[in-house]
Amino acid sequence: MAETFNPQVSESQKISDISKLGYQYLKENKISDAIDCFTRILLMDDINNYALVGMGDASRKMGSIREAVKYYQRCLSVHPGNNYALFGLADCYKALNQYQKAIDIWEQYLLHDNRNITVLTRIADAYRKVRDLEKSKITYQRVLEMENDNPYAIIGLGHLHYDFREYREALYYWEKMLKADSDVDIRVLTSIGNCHRKLKTFSEGIPYFESALRREKNNFYALFGLADCYRGLNQFEKSLQYWNQILDHDPKNKMILTRTGDAYRNIQNYEMAKSFYERALNLEFDTYAVLGLSLLAKAQGKYDEAVISLKRLIQQDVNNSRLYIELSDCYQKMGDRRQAAEVMENFHKLGIKNPKITEIPDNI
């Protein structure tokens, strides 16, 4: 866009024209041209609010968040309450994960515009990030009172309840989104599926992950969700289909390698199970891969080998209840009830409450 400035116009008109051009360049993502415009204005008027906000916006677009903060703060020092500077500064703090600072700035913005839905949803999101359940919920509800079907508030409430392990409440909001829009974002489908995973209603979660996969055939969260649901249903052959599909695209995913090993172990394909556990360990040490090899040895009746491995794991992860359960079970299978009971007593001495553990001494 060519600049056509009349030398006869006043300085204030010239600043206005350059400012408009600068913001046009910002819209067109011509950042360096926009910066040139705002720099020229600041040489004429070093506290011009449009230029300072423009420099802040340009810096943000370039990813120079801390530089943007300086421009917005400089603007606010001479133009307190400038809405654009407040909005930009709050978004900067959010990008820097300084959520409380972002909240404080957005609260200032609301003093001028207390029904701004965009700001309210951002505040609610920030409260969720700092794990203030009550304030986040209240703020999302304020949005819904103004706009009953606001998708950001509904999805936000879904995430909020999910974060606090209130999975049935999270389901309510995400299902509401799905009813309102059958072509909803794929993340809503995987979120609904994940709620069912957490609630252990695996068969109910499967259709949502399948629906997500029809939209995006290699979506990690859909593949993981399906594999984990079939794992939860003890349908290990089916889970393998999806674990292996993930590994086709991400062959060095340590967690998936271990889960794949678990699936092969559960269908008694011990050779394949061992190869996947070892592939995980070749990447780096992994407690669950070593545990998998221990359980593999146990399944094959190699109890001495399993005991040695489990004891080493307990030394590295002394509070892991699963390790004590498996070690105690090994001793029981070896016919050594005294050692089995001693393992459980050692766990009880740690003072950790675990309902699965409390049942075991009686069985021993």
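This is a predicted model: local features need pLDDT of at least 70, side-chain atom pairs count only at pLDDT 80 or more; totals for chains, interfaces and linings use all residues.
What pLDDT does the protein chain average, and what share of the residues score at least 70? The protein chain averages a pLDDT of 92, and 95% of the residues score at least 70. Within the chain, helix H13 (residues 220-232) has the highest confidence, at 98. The lowest belongs to helix H21 (residues 355-363), with a mean of 56.

Glutamate 11 is partly exposed, with a relative accessible area of 47%. Now look for leucine 293, which is 282 residues away from glutamate 11 along the chain. Their C-alpha atoms are separated by 78 Å.

Moving on from H1, you come to the loop between H1 and helix H2 (31-44), which holds asparagine 29. Asparagine 29 is not a glycine, yet its phi is positive, at about 65 degrees. Why does that deserve a second look? Most residues other than glycine have a negative phi. Asparagine 29 is also exposed, with a relative accessible area of 52%.

Glutamine 268 is a residue other than glycine, and its phi is near 65 degrees. Its relative accessible area is 59%, so glutamine 268 is exposed, the cut-off being over 50%.

The structure holds eleven aromatic pairs. One of them joins tyrosine 264 and phenylalanine 276, whose rings are stacked, 5.4 Å centre to centre with 20 degrees between the planes. Tyrosine 264 sits in helix H15 (residues 254-266) and phenylalanine 276 in helix H16 (residues 270-283), so this pair, with its partners twelve residues apart, links distant parts of the chain. Are these two partners buried or exposed? Tyrosine 264 has 11% relative accessibility and phenylalanine 276 has 6%, so both count as buried, being under 20%.

Aromatic rings also gather elsewhere. Phe220, Tyr221, Phe224 and Trp243 form one aromatic cluster. Another ring has a charged neighbour: the charged end of arginine 131 sits over the ring of phenylalanine 164, 4.5 Å from the ring's centre.

Next, turn to the largest pocket, which contains about 790 Å³ of space. Which residues are closest to its centre? Of the 26 residues lining this pocket, they are Asp228, Arg231, Arg259, Asp262 and Arg322. Helix H11 (186-199), H13, helix H14 (236-249), H15 and helix H17 (287-299) are the elements that each give two or more residues to the lining. H15 provides the largest share, eight residues.

What about the cysteines? A disulfide is a covalent bond between the sulfur atoms of two cysteines. A search of the whole structure finds zero disulfides. Take cysteine 75, for which the nearest cysteine sulfur is that of cysteine 92, 13 Å away. A disulfide needs the two sulfur atoms within 2.5 Å, so cysteine 75 is in no disulfide. Cysteine 75 has 0% relative accessibility and counts as buried. Cysteine 229 is in no disulfide either, and the nearest cysteine sulfur, that of cysteine 195, is 11 Å away. Cysteine 229 is likewise buried, at 0% relative accessibility.

Aspartate 183 lies in the loop between helix H10 (167-180) and H11. With 57% relative accessibility, aspartate 183 counts as exposed. From C-alpha to C-alpha, aspartate 183 and aspartate 46 are 49 Å apart in space, and they are 137 residues apart in sequence.

The other is aspartate 317, found in the loop between helix H18 (303-316) and helix H19 (321-333). Aspartate 317 counts as partly exposed, at 28% relative accessibility. Leucine 240 is 77 residues from aspartate 317 in sequence, and the two are 28 Å apart in space, C-alpha to C-alpha.

Terms used:
Residues are numbered from 1 along each chain as its sequence is written. Side-chain values use heavy atoms; hydrogens and water are left out. Rings of Phe, Tyr and Trp (its six-membered ring) pair if their centres lie within 6.5 Å; planes under 30 degrees apart count as stacked, over 60 as edge-to-face and the rest as tilted. Helices (H or I, at least four residues) and strands (E, at least two) are DSSP runs, numbered from the N terminus. Buried means under 20% relative accessible area, exposed over 50%, partly exposed in between (1.4 Å probe, protein chains only). A charge sits over a ring if NZ of Lys or CZ of Arg is within 6 Å of the ring centre and within 35 degrees of the ring normal. pLDDT is the predictor's confidence in each residue, from 0 to 100. On a 1 Å grid over the protein atoms alone, a cavity is a set of points where a 1.4 Å probe fits but cannot get out, and a pocket is an open set with protein on both sides within 12 Å along at least five of seven lines; lining residues have an atom within 4 Å of a point. Grid points are joined across faces, edges and corners, and a volume is the space filled by probe spheres set on the points.
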